[in-house]
Amino acid sequence: MKTIPNSLFVKLLLSFWICSSLIIATVGILPLIQQKHDAGVPLPPPLHHMLVTVANRIIDNPELLNSQQAWRGINRFRDPQGKPVRLFVVNEHGKLLNNAKNSRMLRRFVLMADGSDHPIKYQFKNELMFGPYQFYVAGEQYSLYGHAPDHRPQPWFFFFTDNKLLTLSLAIFLSGLLCGLLAWHLGRPLRSLKSSADALASGDLSSRVNVETTLRQDEFGQLAKAFNGMADAVEDMIKTQQRLISDISHELRTPLTRLQLSLALNRKKGQETQEMIRIAYEAEQLEKMIAELLELSRVKLNTQERKTSLELAETLGQVLDDAEFEAGQQHKQLNIEIPESITLPIHPKPLSRAVENLLRNAIRYAKNSITICAKQHKHFVEIEIFDDGPGITNESDLEAIFKPFYRPQSARERETGGWGLGLAITQAGITAHDGHIKAENIKPHGLKVTIKLPK
């Protein structure tokens, strides 16, 4: 029974929701943090003293409020670093008295300082605003503000407030990083499942999802456990089927042997007729088919045996000698191009039988020549067998010819009288090596079979 916190839906929802909420909150809260920081920090004494001094001077000389010439004399203050400071007087109606132009920065700061019960400061990008200091002249209230063109020390997070484009880029990068980590976390079990499914589909019945994925408590863990259970059932069914075929083939040999013995006794008694000859022929064909079924079952059941590192040319020596003799009897030429330096881990008997089946087919359908060559690559060895015969007419049969009992409707197969087991044995032998086999037509005519075996 799954719990809500381990639900994949809840994980996805919370992850994306928390990620987007954190980024939006971080970007949106920076100006508020700066404003609260400036509002909570007391005005430095030199700046506060400057405001008090100017306010007292205006109280003592009210005419300064209407005299621009006199105000210029007052507006020559400097901050502790010696930088010039400009002062602005605003009446209770919000009108600027000592300057004809009300700057955007001043208007913004007036709105920020509105409601504050004490003077504050606010650091813009390269300028500092401070105030207001309120005083009364003739019963009317006035507010005094200061402006210093200086970049003063400020907390590190103010940097992001002043560089909004950089902050936005950083937010996008962090969101991509968080989403990437989430995608990796969710994609890892999916990759494990895909790898196991591909291996199972290619014939590796022992392939299972790793333990780490099965121990997860979400839907991925449940899927991994279900997949492993399915793989166990599939492996058991296939092995049972293969053992059944092997057992039936063995059992069929007993009555077949009795039948052949009876036929032999009848021949000795001189009772051989056309019907008896036909029965003997069919019994022989049945013996061959049972032998091939047993070989197919044996190859598939022994895929877990350990490989032996051998020279390819030496392993295939007897098969190549027999094929060369058979080709010569049919007045055809077999070309062998296998370097003696090629060594790889193999199952000798299954590989020899696989190559033997391919060579016999090639010799049967070739017009004049057959070629087998081997090439060594970094991670695999490639074996190619091709002939100058008619090839396979139907392109869709090129993959199906390796299936058991598959007999394509083409001239290549109709003449053989086989049961479609030879190439299936070849496929099983190559699969036992974790290799791949592919057939393709070549121009102007002929068939090429390519085998790739891992080193």
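Let's start with Leu170, which is partly exposed in this predicted model, with a relative accessible area of 34%. That value sits between the 20% below which a residue counts as buried and the 50% above which one counts as exposed. You'll find Leu170 in helix H6, residues 164–201.

Who else is at the surface there? Leu170 belongs to a nonpolar patch together with Phe173, Leu174, Leu177, Leu178 and Leu181. Taken together, these residues have about 540 Å² of accessible area.

Okay, on to the sheet. In what order do its strands lie? We have an open sheet of 5 strands, and going across we read S6-S8-S9-S11-S10, with mixed pairing. Strand S6, residues 333–337, and strand S10, residues 436–441, each have a single partner strand, so they stand at the edges and one side of each has no neighbour in the sheet. From one strand to the next, the twist averages 10 degrees.

Now, if you zoom in on S9, residues 380–387, and S11, residues 447–454, you'll see an antiparallel pair joined by 8 bridges. As one example to click on, Phe386 has Lys448 in S11 as its bridge partner.

Finally, the helices that pack on this sheet. Helix H11, residues 317–329, touches S6 and strand S8, which covers 369–376. The direction of H11 makes about 155 degrees with that of S6. And which strands does helix H12 touch? H12, residues 348–365, packs on the sheet with contacts to S6, S8, S9, S10 and S11. Its direction makes about 25 degrees with that of S9.

Definitions and conventions: Residues numbered from 1 in each chain as written. Predicted model: local features only at pLDDT ≥ 70, side-chain atom pairs only at ≥ 80, totals over all residues. Heavy atoms only, no water. Pairing = 2+ DSSP bridges. Helix = DSSP H or I, 4+ residues; strand = E, 2+ residues; numbered from the N terminus. Axes fitted to C-alpha atoms, helices over the stretch in contact; angles between N-to-C directions. Contact = heavy atoms within 4.5 Å. Patch = residues over 30% accessible without salt bridge, like charges linked within 9 Å, V, L, I, M, F, W, Y side chains within 5 Å. Areas by Shrake-Rupley, 256 points an atom, 1.4 Å probe, with all protein chains shown as cover. Salt bridge = Lys/Arg side-chain N within 4 Å of Asp/Glu carboxyl O. Buried < 20%, exposed > 50% of the residue type's maximum accessible area, 1.4 Å probe, protein only.
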